[in-house]
Amino acid sequence: MNQILINDTTLRDGEQAAGVAFNLHEKVAIAKFLDAIGVHEIEVGIPAMGEEEIRAISAIRNLDLQAKLLGWNRAVISDIEASIACGLKRVHISVPVSGIHITAKFQGQWRVTLQQLRDSINFAVDKGLWVAVGGEDSSRSNESFLLDVANYAQEWGASRFRFCDTVGILDPFTTYYKVKRLVSALFIPVEIHTHNDFGLATANALAGIKAGATSVNTTVNGLGERAGNAALEEVVMSLKRIYGVNLGIDTPRLLELSRLVAQASGSTVPPWKAIVGENTFAHEAGIHAHGVLQNPLTYEPFAPEEVGWERRLVVGKHSGRHIVSNVLQQHGIFLNSEETKSVLEAVRQESVEKKRSLTVQELLNLAKEQQRYSHAIG
């Protein structure tokens, strides 16, 4: 597992999310940030899309980044020529491998599929390019046919094969079995590419790695087509904290990267989103908040600073006296037990009315009202 490579495809598969369109400045900024935090490889886009895409990819190439850059192509010579026009030295060639896709794209003529793949790989290799091949819809392909395609790709000069769960239909157990079989049949590395249609993209990506895949596709925030892809921040932190594998990624900057991509994509990150969601290290429930005040490990799997966050104690409907007292004391307000109880009751009532937790200022206002009331009747 210590040899795992992150191949981030935010700029390709991420941008293919409905309604997302990065401009040149945004693409460059995202690429620079991915490189700065130590991402190993970046799938920079689809050169065959035209001049605007070629300009953006060329601009990224001219940055002289440490990360390896990869262009995505169909098994079409003109696609690869477009990658060359961008100055790319590494190409990914995608080919359909399921009956569903071959029927839709090649009228069921699987021999034509293989011929185009062979010609494309030969052309790319002759041009001195490093070639990866992706089996589109690998998860729904006939297993024997998938192995044949992967072995042919290897024989023709591919340096890596991508197993794609294109419509996110696998669970981790099936992913492990399928990827393990592929890894056992090849001597070139296998890459795992997962989608989140059933909310299993990260779990399936980890299962693929467990099965022997040494490269994994991710996108920042899980951005991507339909329900998205395996999230970079989730995969990196899962490997780091669950499996003890440090990939050399600067994880304290993950939050900053998340916000950059969220802004560029025009998509907000749900508060409960793993690793980078606003509520990830926010504690409101009384038992939880009290536990965290005693020892953060009671209700946190790792320190918030490890991914760029700070711990927040939130006052709302589910809060208890400990959190109310703690927040007030941080602002120089010390209440007795009865006053704290009254403030807590007011907090719960106002939280229900407002349908949210309260701001610190709203809590302070309630406390000051309670103090005035206590002085008036005192």
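How many bridges pair strand 2 (residues 41-45) with strand 3 (residues 68-74), and in which sense, parallel or antiparallel? I looked this up first, keeping in mind that the model is predicted. Four bridges join the two strands, and the sense is parallel.

Helix 3 (residues 51-61) lies across both strand 2 and strand 3, and its direction is at about 155° to strand 2. I also looked at helix 6 (residues 110-126), which packs on the sheet and touches strand 4 (90-96) and strand 5 (130-136). Helix 6 makes about 175° with the direction of strand 4.

Next I followed the strands around. Eight of them close into a barrel, in the order 1-2-3-4-5-6-7-8, with parallel pairing. From one strand to the next, the twist averages 25°. My reminder to myself: strands of a sheet pair through backbone hydrogen bonds, either parallel or antiparallel.

**Entry: strand 8**

I wanted to see what sits on either side of strand 8 (residues 215-218). Strand 1 (residues 5-8) runs parallel to strand 8, and four bridges join them. Asp8 is opposite Thr218 there. Strand 7 (residues 190-194) also pairs with strand 8 in the parallel sense, over two bridges. On that side I found Ile192 with Val216 as its bridge partner.

With helix 9 (residues 201-210), the two strands make a right-handed β-α-β unit.

Which way do the side chains of strand 8 point? Ser215 and Asn217 go one way, Val216 and Thr218 go the other, and all of them are buried.

**Entry: helix 14**

I tested the length of helix 14 (residues 337-354). Its 18 residues, at 1.5 Å a residue, should span 26 Å, and the end C-alpha atoms are 26 Å apart, so the two agree.

Which residues of helix 14 are buried? My list reads Glu339, Thr340, Val343, Leu344, Val347, Glu350 and Ser351. They lie on the same side of helix 14, because they cover an arc of only 135° around the axis. The spacing makes sense to me: an α-helix has 3.6 residues a turn, so residues three or four places apart point the same way. I turned to the other side of helix 14 last, and there Glu338, Gln349 and Glu353 are exposed.

Notes. Residues are numbered from 1 along each chain as its sequence is written. This is a predicted model: local features need pLDDT of at least 70, side-chain atom pairs count only at pLDDT 80 or more; totals for chains, interfaces and linings use all residues. Side-chain values use heavy atoms; hydrogens and water are left out. Buried means under 20% relative accessible area, exposed over 50%, partly exposed in between (1.4 Å probe, protein chains only). Two strands pair if DSSP finds at least two bridges between them. A crossover is right-handed if, with the strands pointing away from the viewer, the path from the first strand over the helix to the second runs clockwise. Axes are lines fitted to C-alpha atoms, for helices over the stretch in contact, and angles run from 0 to 180 degrees between N-to-C directions. Contact means heavy atoms within 4.5 Å. The expected span of a helix is 1.5 Å times one less than its number of residues. The arc is that of the directions from the helix axis to the C-beta atoms.
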